[in-house]
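Here is a short report for a reader new to this structure. Take a look at the model first, then read on.

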Amino acid sequence: MSDDAAVRYAVNGAVATLTMDQPHNRNALTPALMSGLAHGLDAALADEAIGVIVLTNSEPAFCAGADLSGGTPAVAGGGRRRGARRDGLADLLAAIQDSTKPVVARIAGHCVAGGIGLAAACDISVADDAARFGFTEVRIGVAPAIISVVCLPKLRRADALELFLSGERISAARAAEVGLITRAVPAADLDAEVAAAVGRLLAGAPSALAAAKRLVYTIPGMEREAAFTRTTEVSQALFASAEAAEGMAAFREKRLPYWAPGAP
């Protein structure tokens, strides 16, 4: 299966949508799917007109985790080398979190094992409330190792231990409660909720969004003095930027800044 067949890439205005489209294996993390997602992210990041990236799925599942059809799954650390990076799961999760553009997950179907890693790596994740989530790895003799890097920062230790060790599947509402995803909504409301989230993101200035995202991922792990030094530098640079000048002028003049949807 080609990368293009595994992941569909579409652009609508300032939004790029990456749709995982391997219904025959419930969007398992095959090399083709991971490579397709990596190429889609690259394309969206290279397009200056794109402000938000949406990651979603065709039916029936968001992602079934590792491809267990034979051999060692690609998520175990393999993957084809692409320049300075590889198309393995670790590189894909890092690429999502390192994206300078917000990444929103639209989860329309079950999401287990490595699939939870994709959902957790995204900045905002909205799920159909009928979807089920589960760290099912222990039940086949492995552990949620690679995805723990993006999942553990979102979980209390007590919740992580219960979910990692039991392998039980939980509801989307429970996944939102423990912080793995942002929210769960009825299937009929999923598209509207994702569109609303995307609209709120597009109202932010591109450089400011990138800086705000980086703060979330880097500041909690820094010592206090280093964090204050870093954030002072970030604040000064942003206040001196052309985007901030435009944003403050738009505020004073009671108009939309040029990047906002609906701006003239």
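## Two packed helices

Which residues in α2 meet which residues in α3? From α2 come M34, L37, A38 and L41, and from α3 come L89, L92, A95 and I96. The residues of this contact comprise 8 nonpolar, no polar and no charged.

The model is predicted. In it, helix α2 covers residues 31–46 and helix α3 covers residues 89–98. They pack at an angle of about 25°, and their axes are 10 Å apart. Angles under 35 degrees count as roughly parallel, so α2 and α3 are roughly parallel to each other. Their crossing is left-handed.

Strand β2 (residues 15–20) pairs with β3 in the parallel sense, over 6 bridges. M20 has N57 in β3 as its bridge partner.

## An open sheet

Another part to view is an open sheet of 4 strands, in the order β4-β8-β10-β11, with mixed pairing. Why is one side of β4 and of β11 left without a neighbour in the sheet? Both strands, β4 (61–63) and β11 (169–171), stand at the edges, so each has a single partner strand. From one strand to the next, the twist averages 20°.

Strand β10 (residues 132–134) runs antiparallel to β11, joined by 3 bridges. Here F133 stands opposite I170 in β11. Helix α4 (residues 114–121) packs on the sheet and touches β4, β8 (110–112) and β10. The direction of α4 makes about 100° with that of β8.

Technical notes:
Residues numbered from 1 in each chain as written. Predicted model: local features only at pLDDT ≥ 70, side-chain atom pairs only at ≥ 80, totals over all residues. Heavy atoms only, no water. Axes fitted to C-alpha atoms, helices over the stretch in contact; angles between N-to-C directions. Parallel < 35°, antiparallel > 145°, perpendicular 65-115°, else oblique. Left-handed = near helix turned anticlockwise from the far one by under 90°. Contact = heavy atoms within 4.5 Å. Nonpolar A, V, L, I, M, F, W, Y, C, P; charged D, E, K, R; others polar. Pairing = 2+ DSSP bridges.
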